[in-house]
Amino acid sequence: FSGKEGLYRATLGLIVGRVGGKLLPAAEHLRDRLKDPDLTPEELRELFRDLLRRMIGLFFSAEVSPAMVQIFIREQQEPTPVFDELYDSLLRQMHELFTELFARNAGLPFPSARATLGAHAAIGQLFIFKTHQELIRRRMGWEKYMPEHLEEIMPTILFQIEAVTEAYRRNRHHA
């Protein structure tokens with residue numbers, strides 16, 4: 001690995017491979033669907049739900065460990081030279097797709113600063129359950145996340161994000 005940085009780079013490569021291997025093929029399919037000019041609002045909502053379910057399912061699976069999440073957080077807070085690779089190979093693509101789906105569901109122009117910032121805040125709804133899992137597990141009396149807990153968490157996240165997109169749709173000129 002040629003030192004500590006090489007080992008870190010290889011570790012991040014494995015993480016990107018694992019996460020990207022699950023999300024990027026689905027993202028490509030969703031991007032292809034978004035090219036259809038005749039998508040109905042319900043079809044757009046279902047495409048967004050599909051992406052959200054995939055992201056939630058992956059981030060709460062054993063495939064994404066707390067250590068992996070810590071690396072993602074660390075790279076966000078204190079980017080190393082490896083962040084460019086993480087950004088170019090995974091984060092940018094997923095954030096752009098999420099933003100487009102968020103914008104089209106919220107009735108916002110895409111691309112736009114409002115859509116990008118709104119989507120970023122919505123992504124936080126998803127990640128908070130992973131990054132702050134000890135707090136919510138203790139509050140809920142759960143020793144660890146179990147599949148039945150995900151069945152409670154997923155609709156909560158979906159509801160929150162859909163409520164936000166609906167609020168944008170209703171209040172487009174005030175948001």
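In the second largest pocket, α7 gives the largest share of the lining, four residues. Helices are DSSP runs of H or I with at least four residues, numbered from the N terminus. Both α6 (133-140) and α7 (147-170) supply at least two residues of this lining.

The model is predicted: local features need pLDDT of at least 70, side-chain atom pairs count only at pLDDT 80 or more, and totals for chains, interfaces and linings use all residues. Residues are numbered from 1 along each chain as its sequence is written, and side-chain values use heavy atoms, with hydrogens and water left out.

A pocket is an open set of points on a 1 Å grid over the protein atoms alone, where a 1.4 Å probe fits, with protein on both sides within 12 Å along at least five of seven lines; lining residues have an atom within 4 Å of a point. A volume is the space filled by probe spheres set on the points, which are joined across faces, edges and corners.

| Pocket | Volume |
|---|---|
| Largest pocket | About 790 Å³ |
| Second largest pocket | About 220 Å³ |

The second largest pocket is lined by 16 residues, and Phe-60, Ser-61, Ala-62, Lys-130 and Tyr-145 are the closest to its centre.

For the largest pocket, 29 residues form the lining, with Gln-76, Leu-91, His-120, Ile-123 and Phe-127 the closest to its centre. Helix α4 contributes the largest share of that lining, 10 residues. At least two lining residues come from each of α1 (4-34), α2 (41-59), α3 (66-77), α4 (83-106) and α5 (113-131).
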